[in-house]
Amino acid sequence: MKRVLFWIAVILIFGLCLKGCVKKDIPEKYSENILSGNIENILYPDKNKNVEINGVEYLQSQAPVGKFGGQIVVSAIGEGPKTFNPCNTKDATSASMAGLLYDGLLTTEPVTGEVIPLLAKSFEIRGNEYVIYLRKGIKWTDGTPITAEDVIYTYKDIVYAGLGNTATRDAMMIKGKLPELLKLDDYTIKFITPEPFAPFLRQLTYPIVPKHYFKPYSDKGDSVFNAFLNPDTPPKQIVSSGAFKLKEYVPAQRVVFERNSDYYKVNLDNKKLPYLDKLIYLIVGDTNNEILKFEAGEIDVLSLRGSNVARYKIKEANSNYKIYNLGADNGTLFLVINLGNRKNKEGKWNVSPIKQNWFRNRDFRTAVDWAVDRDGMIKNIAQGVAEPLFTAEGLSSIYLNKEIKGHPKDKNVSKASLEKAGFKLDNGILYDNKGNRVEFDLYTNAGSIDRESIGVMIKQDLEELGMKVNFKPIEFNSLVNKLSNTQDWDMAIMGLTGSPLEPHDGKNVWMSNGPLHLFNQRPQNYQKDDRFDWEIELDNIFEEGALKLSYKDRKPIYDKYQTIIYNEKPIIYLYSPIRITAIRKKIQNIFPSKLSGLLYNIDEIYVEKEEDK
């Protein structure tokens, strides 16, 4: 009994300590230039990082010089990547792996959040004109020079043409217009936006792809392009630009990346990075299997669930790993409700008219929200290593609406809302005003232990109101297909990545025609009078917010969108985990970032060998 009490005390104390860190996620200097509102201040902070060697303009790392060789093994939950095409990723695993292969013109500085060059050597902002200067002499992995032609092709033929994932195209559009794009010379490009546009620079982090390799596939349209660079593609055929090249993919087992020996980044000794010979992803079925592999020494990095944090922290001093607290998760975890009222191509309702009447009723959604026991989830699932979440912006966002305080679980509020909407409780069973029993399906992705546990709790919470909830964990890709394509679902527990710096990155979620407008997906040719009044407000907010240049002017606008979502509840937010990560001590040049995590600088990271200690 004493041992049990000891562990409970450790978990509670450590959990409270971590929760105290949530409100301090963003260092003071994190957003000085961003908050200033002068987007011309968001420039490359150290121009001396560019070095020219034998006519090639390299990016020079300022990290301590490391040792070449070795490998790191990390993990991926699920079945592995669906594609290596960086323009067509729709899941986090595919996006992270394709991101290793292809770099963008710009990237985000991991501490300050400023936009800095990557493939680009530098850039200039002149009102609504953005001039990008490419590095001269750098090459694709097949030896072909990287030039302005590749940039023009990537944006005009892929992004602007709407091939693959259209999120970037949608985010770049201003009042229905895309930026003009001009080639000034082989290494200089100019974008001209219709108006000065605050989020524009961050859209230039989009991966640039080789025209000579991609064009034969993009010319053949959506179906061919979407199949291009599927997981069966022979690795040696892939032409890329990133620090690593694909070496091997064994389905449902592992993905192996090897060093790109002609990468355009060098260390302080002007030797070409990356240091690592290999970066290996082991594909694990679920988070329990991931833990077993970490403890067996098969993987080097582990994101800790709340239930494991205290045990790992106590063992840390005598272990071969170090634990980092990266603050509140940048993304959001939520319950989404399908408000759709359309038929599919076969003439079948994606959501039955009976359920439409429930789900499209705000009082019904309010009842669901007040029934959710967030505090119980945090205590029992996250073991105290989390904070309740009620907003569409994550807790680490500089745009977080702090006026939204949220509420605890209250069944009485839920019952009053259901009664207001005409629902009746009879012998513990809930019926609508036409006598239909309230029964629906709840989905999440199988393999995520936390999400499955959340599903069990929500099922119990809602069944206390007399609802019958059929909880169905399914494979992640099948879940994505339901939400994005067939739209044959009722409710789902999902998560989305987020940016603590730029709400406009969520435009594809909140605009009524957005490809990630999960709660009410529409065809591209939808009728605008089909929108809820509050959806019209959201459309206007995301058009207006992008054209305001100062944080002071933008903050009230994005506060309003969070208030609308909180009031209307098409998405019900649950909690924000605190990111606790364990990583082997042998891995060096680790500079933790609350914005970017631990491995964002994978090209600078190296492994300290036993004989070097």
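1. Helix 16 (residues 476-486) lies across strand 20, strand 21 and strand 22 and runs at about 130° to strand 20. Axes here are lines fitted to C-alpha atoms, for helices over the stretch in contact, and angles run from 0 to 180 degrees between N-to-C directions. Contact means heavy atoms within 4.5 Å. Helices (H or I, at least four residues) and strands (E, at least two) are DSSP runs, numbered from the N terminus.

2. The model is predicted: local features need pLDDT of at least 70, side-chain atom pairs count only at pLDDT 80 or more, and totals for chains, interfaces and linings use all residues. Residues are numbered from 1 along each chain as its sequence is written, and side-chain values use heavy atoms, with hydrogens and water left out.

3. Helix 12 (residues 362-371) lies across strand 16, strand 20 (439-445), strand 22 and strand 23. Helix 12 runs at about 20° to strand 23.

4. Five strands make an open sheet, ordered 21-20-22-16-23, with mixed pairing. Two strands pair if DSSP finds at least two bridges between them.

5. Leu335 has Ile493 of strand 22 as its bridge partner.

6. An open sheet of three strands has the order 1-2-12, and its pairing is mixed. Strand 1 (50-53) and strand 12 (265-266) are the edges; each has a single partner strand, so one side of each lacks a neighbour in the sheet. Strand 1 pairs with strand 2 (residues 56-60) in the antiparallel sense over four bridges. Val51 stands opposite Tyr58 of strand 2.

7. Helix 4 (residues 148-159) and helix 7 (residues 211-218) have axes that come within 10 Å and cross at roughly 20°. That makes helix 4 roughly parallel to helix 7 (angles under 35 degrees count as roughly parallel). Helix 4 contributes Glu149, Asp150, Tyr153, Asp157 and Ile158 to the contact, and helix 7 contributes Lys211, Phe214, Lys215 and Ser218. These contact residues divide into three nonpolar, one polar and five charged. Ala, Val, Leu, Ile, Met, Phe, Trp, Tyr, Cys and Pro count as nonpolar, Asp, Glu, Lys and Arg as charged, and the others, Gly among them, as polar.

Notes:
Angles under 35 degrees count as roughly parallel, over 145 as roughly antiparallel, 65 to 115 as roughly perpendicular and the rest as oblique.
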